[in-house]
Amino acid sequence: MNCKDAQNLIDGYVDRELDPVRDLEIEGHLQECAVCSQGYKNHQALRNGLKASSLYFKPPADLQRRIQLSLRKAAKAEAAPRAMPKWWLSVAAPIAAAAVVVLSLVPFLRGPSTDDLLAREVISSHVRSLMANHLADVASSDRHTVKPWFAGKLNFSPAVEDLAKQGFPLMGGRLDYIDNRPVAALVYQRRKHFINLFIWPSTHGSEADTKTVTRQGYNLFRWTKSGMTYWAASDLNSAELQEFVELVQNQTTPRS
């Protein structure tokens, strides 16, 4: 990637709108180019400045109730035009228009959900492990070698299972960083496809059913079990990855 390409994509990179491959290309360029690196810092400073609380207006807590009340009054007024004073039209119309504008902006103000942001992180970590040829810190198919390796490196003990007999051999494990914390990444293989299984303690006490996401050609499966959060990521087809997920769910009993 050259400077021109990086400058054209820097806004999307700052706003986390690019795919994982582009993210990694820009990261590599910024490490080598001082000019583009400074430009990135300037964009970050501008973005952080726009987040200042002084630039935001917090609507009154009862704004929604007042808008709904005004709309109901306007609807009643239309049903009985003879009983409605003429001056009310000049008030109701702007209120209704403002309500439409506010409601139309709500989806944009919310931004990406927590699950969306986590999915992006998981995909980026999966792709990075393949591009950097850094699938495992401890390369072994022996679960009794991989599991003890994490001792002292994490504040939890991930469940490690070898699923070679079921067609998903264990390749090893490594440390990764997702959701602002160190996590365990177990690596499995299915023919020429690699599967990254990310594990870390859940922040919610209850278990969560399996959810699936497809992004940039990668399939993701997410679930919570026994106080642990799991994300499985791979370019393996969805049916076989689901088979892998079900094997993990049936055989693992993690401990925090």
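The legends below describe close-up views of a predicted model.

**View 1. Packing of helices α1 and α2.**
On the α1 side, the contact is made by Cys3, Ala6, Leu9 and Tyr13, which meet Arg22, Asp23, Ile26, Glu27, His29 and Leu30 of α2. Sorted by class, this contact of α1 with α2 comprises six nonpolar, one polar and three charged residues.

**View 2**
Seven strands, ordered β1-β2-β3-β4-β7-β6-β5, form an open sheet with antiparallel pairing. Strands β1 (138–139) and β5 (208–215) stand at the edges, and each has a single partner strand, so one side of each is left without a neighbour in the sheet.

Helix α6 (residues 114–131) lies across β2, β4 (193–201), β5, β6 (218–225) and β7 (228–234), and runs at about 130° to β2. Helix α8 (residues 238–251) also packs on the sheet, where it touches β3 (181–190), β4, β5, β6 and β7. The direction of α8 makes about 20° with that of β6.

Lys147 belongs to helix α7, which covers residues 143–149. With a relative accessible area of 29%, Lys147 is partly exposed, a class that lies between the limits of 20% and 50%. When neighbours within four places in sequence are left aside, Lys147 is in contact with Ser157, Pro158, Ala159 and Val160. For Ala159, the separation from Lys147 is twelve residues in sequence and 7.3 Å in space, C-alpha to C-alpha.

Most residues other than glycine have a negative phi. Asn180, in the loop between β2 and β3, has a positive phi near 65°. This residue, Asn180, is exposed, at a relative accessible area of 67%. Arg191 occupies the loop between β3 and β4, and its phi is likewise positive, near 55°. Arg191 is also exposed, with a relative accessible area of 53%.

Methods:
Residues are numbered from 1 along each chain as its sequence is written. This is a predicted model: local features need pLDDT of at least 70, side-chain atom pairs count only at pLDDT 80 or more; totals for chains, interfaces and linings use all residues. Side-chain values use heavy atoms; hydrogens and water are left out. Contact means heavy atoms within 4.5 Å. Helices (H or I, at least four residues) and strands (E, at least two) are DSSP runs, numbered from the N terminus. Ala, Val, Leu, Ile, Met, Phe, Trp, Tyr, Cys and Pro count as nonpolar, Asp, Glu, Lys and Arg as charged, and the others, Gly among them, as polar. Two strands pair if DSSP finds at least two bridges between them. Axes are lines fitted to C-alpha atoms, for helices over the stretch in contact, and angles run from 0 to 180 degrees between N-to-C directions. Buried means under 20% relative accessible area, exposed over 50%, partly exposed in between (1.4 Å probe, protein chains only).
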